[in-house]
Amino acid sequence: MNALVKLPFYVKAVFLLIGFYVLGYLLYIGKEIILPLIYAAIITVLLSPTVGYLVRKKVNRIVAVSLLLILSLLILSVIVVFVVWRINTLDVGLPELQLKFEDLLDQVVNWISQEFNIRERKVDLWMTDSKEDLMTESNTAIGITITAIGGFLTTLILTPVYVFLML
């Protein structure tokens with residue numbers, strides 16, 4: 001009764017493919033939890049030697065981990081503030097950029113009308129239709145963006161908690 005059943009290759013292949021599909025689906029479902037765990041594991045590996053050093057210098061482990069997490073979050077906050085500040089300086093040149101884009105658009109319309117013997121009015125109508133399509137599609141893009149921001153914030157909140165628990 002302890003004889004092993006030898007399965008044909010195609011049965012093994014089917015089981016393997018089903019297993020990969022189930023694994024991929026579970027990873028897709030659990031990405032909100034798995035992704036912060038992966039980030040936390042990477043950060044934990046990076047901070048672990050420093051925590052070990054502080055513990056050897058007679059600093060309480062919880063204090064050392066808390067201190068390093070606060071320091072890491074402070075450095076990350078400074079980087080984010082710097083990037084936001086640079087983006088705000090880009091906002092000053094936005095009106096000039098819009099004027100240049102409108103001039104470029106007029107040049108493209110003129111070029112299309114000359115090269116393809118199409119009246120400018122017809123090209124303008126195509127551009128207007130394209131703008132309207134873009135506006136209707138932008139509503140779905142806004143929804144996708146809000147969902148992505150929610151996932152990012154979840155990851156941002158869970159990662160330090162996981163790092164603290166891992167250290």
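1. Helices here are DSSP runs of H or I with at least four residues, and strands are runs of E with at least two, numbered from the N terminus. The expected span of a helix is 1.5 Å times one less than its number of residues.

2. This is a predicted model, in which local features need pLDDT of at least 70 and side-chain atom pairs count only at pLDDT 80 or more, while totals for chains, interfaces and linings use all residues. Residues are numbered from 1 along each chain as its sequence is written, and side-chain values use heavy atoms, with hydrogens and water left out.

3. Helix α3, which covers residues 61-92 and has 32 residues, reaches 48 Å from its first C-alpha to its last, close to the 46 Å expected at 1.5 Å a residue. Its buried residues (buried means under 20% relative accessible area, exposed over 50%, partly exposed in between, with a 1.4 Å probe and protein chains only) are Ala-64, Val-65, Leu-68 and Leu-69, and the buried residues of α3 pack against α2 (31-56) and α5 (120-166).

4. Thr-44 lies in helix α2 and is buried, with a relative accessible area of 11%. Leaving aside residues up to four places away in sequence, Thr-44 touches Val-163, Met-166 and Leu-167, where contact means heavy atoms within 4.5 Å.

5. Ile-38 also has its place in helix α2, but Ile-38 is partly exposed, with a relative accessible area of 44%.
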